[in-house]
Amino acid sequence: GGTIGVLGGGQLGRMLALAGRNMGYRFVTLDPTPDAPTGQVADEQIEAGYDDVDAARRLAALSDVITYEFENVDAHVTNILMEESYVPQGSQLLYTTQHRLREKRAIEAAGVPVAPYAEIRSEAELREAAELFGIPCVLKTAMGGYDGKGQWVLRSLDEVPEAYATLSKAKTELVLEQFIHFDKELSVIAARSPRGEVKAFPAAENIHVHNILHESIVPARIEVAIQKEAEELAMKIAASLGVIGLIAVELFLTKDGQLYVNELAPRPHNSGHYTMEACRTSQFEQHVRAICNLPLGSTKLLSPVVMVNLLGEHIAPLTEKLAEPGFLEDEQLGVSAKVHLYGKKEAKEKRKMGHINLLTDDVEKALTWIEQTGIWGK
Ligand code: ATP
Ligand code: MG
Ligand code: MG
């Protein structure tokens, strides 16, 4: 038993609290939004900003263990929480993964490849690096980016001045990456506990639409040897960075079988939602186990699965479809659909509202189901 404090109020915290409550833990969250997805299912919500020092102190006083569900946690707040409660994940992991340059250096130090990159401090440096890496290449802000925000794909050297002027407004360092002509994007979520136990979930094949995750396919449609290599590499990163809890590793796989790490997230990850029904242990249960120093659960895959995201624009067509018999249990196709919703009231466009896990004996059947429903367009 005991109380777990969660910094952040989104869907990741919600699913974490739902899993942890089943294990006998109480939850308190800190989030500025009234009726936030995590707050709805927690025992208590402190409604305050993430940089509110008094609120952080209250969270610390109420919690035996504190975790976070997003990575841009204020360093000052983390220090208070560490002094006044127990933050098993520490501050170092956040510090590293909040900044693309620090993160890439840490991955390289673990002996794992990243795409060639360069720190950019001026327009001249950008031009020089772009000439070296070739076109296209990707300029990114070192901090604060998500869903492809804070990025510029340079398709010509003529774009150098505008790309530099636009992204340097963000007041963080910039990094240029070589463009990886990947065959597939993968992710692996690994967990590590304070006693040093490490386990990885099966690699997911991820498909993004407009830089937002659309579907995760498991098993990934790649050679088993490469699945294993990706899983090994994620465990290597978890051990090398001294991770406690989860670390999500996003990867590029090229045609010739080379893996590069794109980025890390030190928390549950959208591409790990498939574990909720398809694995013996969900990523959320695993995170609770890891931060509470319990033995890690089995990551065995019980069934092939496709996870598909429900964004705001998908909610109306979904509601319509739910009225059709055989929609959720499609016996003809052999697909069973498990719908998860996050309790968000307003279905704004592009907003993550929920996801569906499609359980099947063949992932192609689930992909056909997705296409046939028309919910996600053609
Ligand atoms: P997230 O929401 O995953 O945190 P983000 O804004 O941090 O996204 P990245 O994951 O770095 O962004 O990039 C978003 C997507 O852009 C990647 O999933 C990939 O499809 C593409 N991308 C990023 N970097 C590269 C690269 N170096 N080469 C090719 N494609 C890239
Ligand atoms: Mg990111
Ligand atoms: Mg990413």
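In which hand does H3 pass H4? H3 passes H4 in a right-handed crossing, where right-handed means that the near helix is turned clockwise from the far one by less than a right angle, and left-handed that it is turned anticlockwise. The model is a predicted one, in which local features need pLDDT of at least 70 and side-chain atom pairs count only at pLDDT 80 or more, while totals for chains, interfaces and linings use all residues. Residues are numbered from 1 along each chain as its sequence is written, and chains are lettered from A and ligands numbered from 1 in the order in which they are written.

The domain assignment divides the protein into domain 1 (3–87), domain 2 (116–178) and domain 3 (184–373); such bounds come from an automatic or database domain assignment. The centres of domain 1 and domain 2, taken over C-alpha atoms, lie 35 Å apart. Helices (H or I, at least four residues) and strands (E, at least two) are DSSP runs, numbered from the N terminus.

Two packed helices are described by the angle between their axes and the distance between the axes. Here the axes are lines fitted to C-alpha atoms, for helices over the stretch in contact, and angles run from 0 to 180 degrees between N-to-C directions. Angles under 35 degrees count as roughly parallel, over 145 as roughly antiparallel, 65 to 115 as roughly perpendicular and the rest as oblique.

For helix H3 (residues 53–62) and helix H4 (residues 75–84), the axes come within 9 Å and cross at roughly 30 degrees, and the two helices are therefore roughly parallel to each other. On the H3 side the contact is made by Val 53, Ala 56, Arg 57, Leu 59, Ala 60 and Ala 61, and on the H4 side by Val 77, Ile 80, Leu 81 and Glu 84; two residues are in contact if their C-beta atoms, placed from the backbone, lie within 7 Å. This contact has eight nonpolar, no polar and two charged residues. In this scheme Ala, Val, Leu, Ile, Met, Phe, Trp, Tyr, Cys and Pro count as nonpolar, Asp, Glu, Lys and Arg as charged, and the others, Gly among them, as polar.

The pair H7 and H8 packs at an angle of about 125 degrees, with axes 10 Å apart. H7 and H8 are therefore oblique to each other, and H7 passes H8 in a right-handed crossing. Glu 123, Leu 126, Arg 127 and Ala 130 of H7 make the contact with Val 160, Pro 161 and Tyr 164 of H8. By class, these residues divide into five nonpolar, no polar and two charged.

Turning to H11, the axes of H1 and H11 come within 8 Å and cross at roughly 70 degrees, so H1 and H11 are roughly perpendicular to each other. Their crossing is right-handed. Met 15, Leu 16, Ala 19 and Gly 20 in H1 meet Phe 284, Glu 285, His 287 and Val 288 in H11, a contact with five nonpolar, two polar and one charged residues. Helix H11 (residues 283–291) is mostly covered, with nine of its nine residues buried. A residue is buried if 20 or more other C-beta atoms lie within 10 Å of its own, exposed if 12 or fewer, and partly exposed in between, with C-beta atoms placed from the backbone. The buried residues of H11 pack against helix H1 (11–22), strand S4 (65–68), strand S9 (184–192), strand S13 (245–253) and H10. Just after H11, Asn 293 takes a positive phi of about 55 degrees.

Thr 275 is placed in helix H10 (residues 275–278). This residue is buried, with 29 other C-beta atoms within 10 Å. Leaving aside neighbours within four places in sequence, Thr 275 is in contact with Phe 201, Ser 282 and Gln 283.

The backbone also deserves a look. Most residues other than glycine have a negative phi, and most peptide bonds are trans. The peptide bond from Ile 135 to Pro 136 is cis, with omega near -5 degrees, and Pro 136 is found in the loop between helix H7 (123–133) and strand S6 (137–141). Another cis peptide bond joins Val 218 and Pro 219, with omega about 0 degrees; Pro 219 is in the loop between strand S12 (212–218) and helix H9 (224–240). Lys 171 has a positive phi of about 60 degrees and sits in the loop between helix H8 (160–167) and strand S8 (174–178). Lys 171 is exposed, with 8 other C-beta atoms within 10 Å.
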